Amino acid sequence: MEELNEKQENVQNEVLQSVAEQPAADNDTNTTNTNPEPAPETENEPEPEMDCSAMSREELLEALKTLLEEDVAKIRNRVSAIRAQFTTLNKEVEKAAYEAFLAEGGNKEDYKAANDQVADEFFKLFDIYRNRRLKMQEEIDAQKLRNLEAKRQILEELRVLISKDEETLKQTYDDFNAIQDKWKEIGDVPREQMNDLWQNYHFLIEQFFNKVKINKELRMLDLKRNLEQKIQLCERAEELIVETSVVKAFKSLQELRSKWKEIGPVPQEQNEEIWQRFNNAANKIDERRQEYYDQRKEELDQNLLAKQALIAKAEELTQQMPTSTKQWNDTTEALDGLLKLWKSIGTVPREQNEEIWSKFKGIIDKHYTDKKEHFGKMRDEQAENYNRKLDLCLKAEAIAKREDWKKATEELLQLQAEWKTIGATSRKVSDKVWLRFRSACDEFFAKKGEFFKDIRSSEGENLTKKQAIIEEIKAHVFGDNKDENLAAVKDFQRRWSEIGHVPMSEKDRVQKEYRGLIDHIFEQLKISAREAEENNYRARVRNFSGDTKKFVNNERQELQDRIEKFRSDIKLWENNLGFLASSKQADLLKEEFERKMQAARQQIALLQAKLRILDETNEQE
């Protein structure tokens, strides 16, 4: 009997020693650890990326409707993004409504904000989502409480198993394994209860091993069973290496890691081998996951670069303010194209998404604000131009009734010149107002043409007279006396200017022929250009038939103004010469300034000669 007790004691010691050495025998599992149970390292499969920064409120509403058809547990991030964007846009709508209320004369204190139909429908749908989410969380919390109660019941079963009288070792161990299996099948419990629950469980496990005093053979069976389970986990982990979905593979790996921790130790000689096998497979999956997220980050960075390029292009397009309607429309079309391209590009890193979208949207919004202001101003200018042209129509219609042909013609021509200086009007009235103005002009010139129809018969006689002077000039022989020659040229010019109008079809021809002969005569007689211009000016003053005093005063003022202008230019050029350093380029500029000053001095001399001619005219009168 003593020998039997001694053997039993040896078996018990071996079992206790095995339990005591368990952490060293299996590096990845510690059944005697009193630390809290680690939370499973799970990673839910991420939701599809959703960039809703460019979506309108209506598009966001439809997107929310579509998401509510999916599992509420898998749409949280997308719903949050939709709600944030909708809130931002809705604030803009509310602000616009408030500003419109004030613009219509409303009192700020009387304004009451109210959602429109889109906002009402959106927030109703969001309440449905939130209620579903709360219900789902309540169900999860309730299930965790049920799991807590179930595990507490298992702890009680384990206490009963430890406290009751021993049956056969095999039966006791089978009951113990059944309890372990039930423990593993139960899901999560409330986080605040997890630590105490796990410590109690492991304490009772230790108590069980101390009580039953498992023999070495039974311990080896347990180790073998654990080995088989871990081999299965290795095989499943190795299958995950070729899984197409990286996220799914990593999530499944986290589940395998959790199960691995639940399984007890394996035989010492196989512990390192089986752990390395599982760890190698896990590392490959971790590497694939890291590559996946690295690639994803690279895609996001590329999208960021693409959108930054669109921002740069938008800034380039809007750098200069358009000056015509076509330029405004071309810029708008180009920006609309950039916006479509923006929407076709994927998402960017979350921390930069709002910043670049705000910058891009700000450029487009500013363009449309400037465009609205430009066309508003243009409409005001067109309205003003329309009123000015209507005024010219009234004046032209009044002139059309008059018969003081010369003065009326001058005034009407002035109206036509003024018409050309007025800018465009609206297309709707442009043709109409132009036809009205042109009709008044046509009416006047038709009446004038009818009046002067008989007068044109004398134009043929005038043409004969001018043709005779041309022939006379051709036949005239000039002598050596310069004064006599100049007097003869002056006589030809005086007689030519006294002849009235010639037929319009012959006017340019005879004038060109006459001017060519006179210029040729001056060239032959060696009369300088200045002398010729003085002679022409003297003839012009002498032949003036209107108010001579008024004409002389106006001419004197104009000549004096031109002289003062040339003197001012000479002074400016002389000052510039003092700033030019000595260089090839500077020398060229100096030559140019000298040439300009010489020409200006010659013009001043000519203008002063014309002033003397005016003075002679006053003395003669």
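At what angle do helix α4 and helix α5 pack, and how far apart are their axes? Before the reply, a word on the source. This is a predicted model, in which local features need pLDDT of at least 70 and side-chain atom pairs count only at pLDDT 80 or more, while totals for chains, interfaces and linings use all residues. Residues are numbered from 1 along each chain as its sequence is written, and side-chain values use heavy atoms, with hydrogens and water left out.

Now the reply. Helix α4 covers residues 76-103, helix α5 covers residues 117-163, and the two pack at an angle of about 150 degrees with their axes 12 Å apart. Axes here are lines fitted to C-alpha atoms, for helices over the stretch in contact, and angles run from 0 to 180 degrees between N-to-C directions. Helices (H or I, at least four residues) and strands (E, at least two) are DSSP runs, numbered from the N terminus. The two helices, α4 and α5, are therefore roughly antiparallel to each other. The cut-offs are these: angles under 35 degrees count as roughly parallel, over 145 as roughly antiparallel, 65 to 115 as roughly perpendicular, and the rest as oblique.

The crossing of α4 and α5 is left-handed. A crossing gets that name if the near helix is turned anticlockwise from the far one by less than a right angle, and is right-handed if clockwise. On the α4 side, the contact is made by R76, V79, I82, R83, F86 and N90. On the α5 side, V118, A119, F122, F123, F126, Y129 and R133 take part. Contact means heavy atoms within 4.5 Å. By class, this contact of α4 with α5 has 9 nonpolar, 1 polar and 3 charged residues. Ala, Val, Leu, Ile, Met, Phe, Trp, Tyr, Cys and Pro count as nonpolar, Asp, Glu, Lys and Arg as charged, and the others, Gly among them, as polar.

Where is D116? D116 lies in the loop between α4 and α5. At 27% relative accessibility, D116 counts as partly exposed. Buried means under 20% relative accessible area, exposed over 50%, and partly exposed in between (1.4 Å probe, protein chains only). Leaving aside residues up to four places away in sequence, D116 touches R57 and V93. D116 and V93 are 23 residues apart in sequence, and their C-alpha atoms are 9.2 Å apart in space.

Next, a pair further along the chain. Helix α10 (residues 268-317) and helix α11 (residues 325-344) have axes that come within 10 Å and cross at roughly 175 degrees. That makes α10 roughly antiparallel to α11. From α10, the residues K307, L310, I311, K313, A314 and L317 meet T331, A334, L335, L338, L341 and W342 of α11. Those residues divide into 9 nonpolar, 1 polar and 2 charged.

The last pair is α16 and α17. The axes of helix α16 (residues 482-498) and helix α17 (residues 504-524) come within 11 Å and cross at roughly 170 degrees. That makes α16 roughly antiparallel to α17. The crossing of α16 past α17 is left-handed. In α16, L486, V489, F492, Q493 and W496 meet V510, Q511, Y514, R515, I518, I521 and F522 in α17. The residues of this contact divide into 9 nonpolar, 2 polar and 1 charged.

Is L463 buried or exposed? At 18% relative accessibility, L463 counts as buried. L463 is part of helix α15 (residues 457-475). Not counting residues up to four places away in sequence, L463 touches V502, P503, E506, R509 and V510. L463 and E506 are 43 residues apart in sequence, yet 7.9 Å apart in space, C-alpha to C-alpha.

How many disulfides are there? With a disulfide taken as a pair of cysteine sulfur atoms within 2.5 Å, the count comes to 0. C393 is in no disulfide, and the nearest cysteine sulfur, that of C441, is 8.5 Å away. C393 is buried, with a relative accessible area of 0%.

To finish, the whole chain. Its secondary structure comes to 20 helices and 0 strands. Of the 621 residues, 33% are buried. Among contacts with a separation of 6 or more, 78% are between residues 24 or more positions apart.
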